[in-house]
Amino acid sequence: MAKRLAMVIDLRRCVGCHACTVSCKSENNVPLGVFRTWVQEKEKGKFPNVQRARLPRLCNQCENPPCVRVCPVNATYPLENGEIIIEYERCIGCGFCIAACPYDARFMNPERNTAEKCTYCNDRLAAGLQPACVNSCVSGARIFGDINDPQSEISKLKDSEPTIVLKPELNTRPQTYYIGVDEIAVRPNLMETIEASILNRVGGEK
Amino acid sequence: MPSVQFFDVTREIYWGILLAFYLFYKGMSAGAFLLSSLGTVFGIERYRKLSKVGAILSLVLLVFAPLFLLIELRQPGRFLSLFYRINITSPISWGVYLLVLYAVALLIYTWYLFRQDMAANLTGTGSKSGFYKFILFGKEDLSAKAKEDDEKQIKFFGAIAVVLALAVDVYTGFLLGVVPARALWNSSLLPVILLISAFVSGAALLIFVQVLVDKFKFGKVQDDIKSLLSSTANLLKWFILSDGVLLVIYLIILSLSGKVGAAATYFLLFDETWSFLGLEIGLGLLVPFLILLTKKTRQSLNSVVLASILAIVGVLAMRINLVIGAQKIPLTGSRLLEYTASGRDLAAVIILSLVMIVVLVVLFAILPMNRTDKKETNVGTLLKSNTKGVAQ
């Protein structure tokens, strides 16, 4: 079977240090204010029954990517190993892929003025290295490799542990798998978000 | 138990006011053209009096609308690659070709529509007749055969433009609809809603501009135009009703389509209350509908013009709510996204709109907008006896 790159994020190990975010920005020269990978953190419960839910996010390198479907100039497409890349000199900066990505994985690079996203650090991959976030993860929570190779660490982990993907209902077939993730991190309560916004505004008018 | 967002990154809305204005102007172009083609393509002779204003309006709006998109691009210098790097699954790729074909069909249609009247006014020596001479390309024949040929061409290119106008409007429904992540866009009703609201804004603009052209070019609005505009206002009333009914259906289905859909409905009704319920539904649909409800108000020019302006404002609000509102609902975070139009975008919208108005005024001033063609007066008197009855 052909090589298929993927990532498993084992949240039982994540300590929320944000080293992945920082190393990614440093490695890929990501401008201020935008991120290729980031970690969302939420707190739930009331003392003493509390928990912090974390969710590291990055491009899911979907098998059925909405961003590739909508690009009007074929500037973004999957490579054979499943990694989705952007040809920066082709991108016209229309922002359609950014609007279409369900995972907010894309952004407009304010310096280059093109769309940008995680590419699994493909320059590092070409040099035989792991992506920067995987390399810098202090607890080894990010496991990266060929999901089609049954002997790879990622395959063994994915096959032996329960995993989930984000927004499976959209049929994007994401290739970032999560272990031990909390419901509130995966599915934020939108109703609560909107109520908070309304309350905020009403309160602000007092 | 409520959860507290402890750490997240902020996200920006990239598709903003420029895209909303693109949809607004392009929709009005298609709507105004489709309505004014009732006379030239569909053979309802009395609507022919609207065809000239409709053709110029839709042509100019169509030329300006894509400029909003061009400014929206972060790499506008690369826009030509849209023509040779085609992705058939991307609605923008379809749109590029549809817009060009529609513009070409519309241009040829408009040229044939004005050809005879320009050729008949070549006698003067002023700059006007020089301009006519220039754009006639020597086709100054005024024989009966040439006029008959004009009619054929108007009908042929008009029919092509009708199909393309429909396509140009429906494709934007896909432009937003192919994004499954956003509940407000991912609806099969969206192309239809965009089409009907294009009819609303197109009819309203046509009425408004026709009144202006008659007032300023001919001094007053003739009685036959008044009665025609009140019939058009009647059509506008039905378009508004259809638009409203479609929106209600859309909202009901949306509110029942899962967690995201329910939240999106809640967002429109209770967070965007002022711009959605107030501007889009109340001021933009309900008030003009009520104004146009009785025959008496439909026959008063002032109330018809007022209803038209409100309907146009309502459709603009609808485009803004649809484009920007949908993106305010977060896909990953726990906070609504904020949007403030950048100064550059606002300046682009204002400058482009003003230039567009100037171009329209110049064209209406120099082109022959007369309707008292021999054939038309004949038909006009024929129809005068039975003007009531049709769509009144």
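User: Which side chains of D104(A) and its partner in chain B meet in a salt bridge, and at what N to O distance?
Analyst: This is a predicted model, and the rule finds 1 salt bridge across the interface of chain A and chain B. A salt bridge needs a side-chain nitrogen of Lys or Arg within 4 Å of a carboxyl oxygen of Asp or Glu. The pair that meets this way is D104(A) and R11(B), with an N to O distance of 3.7 Å.

User: How much area is buried between chain A and chain B?
Analyst: The contact takes 57 residues from chain A and 52 residues from chain B. Carbon and sulfur atoms give 58% of the buried area. The area itself comes to about 4,800 Å².

User: Which three residues supply more of the area that chain A buries against chain B than any other three?
Analyst: Look on the chain A side, where one trio supplies 13% of the area that chain A buries against chain B.

User: Moving inside chain B, how do α7(B) and α8(B) run, roughly parallel or roughly antiparallel?
Analyst: Helix α7 of chain B spans residues 190-218 and helix α8 of chain B spans residues 223-255. Their axes come within 9 Å and cross at roughly 155°. Angles over 145 degrees count as roughly antiparallel, so α7(B) and α8(B) are roughly antiparallel.

User: Is the crossing of α7(B) and α8(B) left-handed or right-handed, and how do the contact residues divide by class?
Analyst: α7(B) passes α8(B) in a left-handed crossing. On the α7(B) side the contact residues include F199(B), V200(B) and D214(B), and on the α8(B) side they include L236(B), F239(B) and Y250(B). By class, the contact divides into 18 nonpolar, 4 polar and 2 charged.

User: α7(B) also packs with α13(B), so what does their angle make them: roughly perpendicular or oblique?
Analyst: Helix α13 of chain B covers residues 343-366, and its axis lies 11 Å from that of α7(B). The angle is about 50°. Angles from 65 to 115 degrees would count as roughly perpendicular, and the angle here makes α7(B) oblique to α13(B).

User: Which residues of α13(B) meet α7(B)?
Analyst: The crossing of α7(B) and α13(B) is right-handed. The contact has 5 nonpolar, no polar and 1 charged residues. From α7(B) come V209(B), V213(B) and K217(B), and they meet F364(B), A365(B) and I366(B).

User: Back in chain A, which residues does a cis peptide bond join?
Analyst: Most peptide bonds are trans. Here omega is about 5°, and the proline concerned, P48(A), lies in the loop between β2 (38-46) and β3 (49-57) of chain A. The cis bond joins F47(A) and P48(A).

User: And what is phi of N113(A) near?
Analyst: Most residues other than glycine have a negative phi. N113(A) sits in the loop between β6 (107-108) and β7 (115-116) of chain A. Its phi is positive although N113(A) is not glycine, with a value near 60°.

Terms used. Residues are numbered from 1 along each chain as its sequence is written. Chains are lettered from A and ligands numbered from 1 in the order in which they are written. This is a predicted model: local features need pLDDT of at least 70, side-chain atom pairs count only at pLDDT 80 or more; totals for chains, interfaces and linings use all residues. Side-chain values use heavy atoms; hydrogens and water are left out. Axes are lines fitted to C-alpha atoms, for helices over the stretch in contact, and angles run from 0 to 180 degrees between N-to-C directions. Helices (H or I, at least four residues) and strands (E, at least two) are DSSP runs, numbered from the N terminus. Angles under 35 degrees count as roughly parallel, over 145 as roughly antiparallel, 65 to 115 as roughly perpendicular and the rest as oblique. A crossing is left-handed if the near helix is turned anticlockwise from the far one by less than a right angle, and right-handed if clockwise. Contact means heavy atoms within 4.5 Å. Ala, Val, Leu, Ile, Met, Phe, Trp, Tyr, Cys and Pro count as nonpolar, Asp, Glu, Lys and Arg as charged, and the others, Gly among them, as polar. Buried area is the accessible area (1.4 Å probe) that two parts lose on being put together, summed over both.
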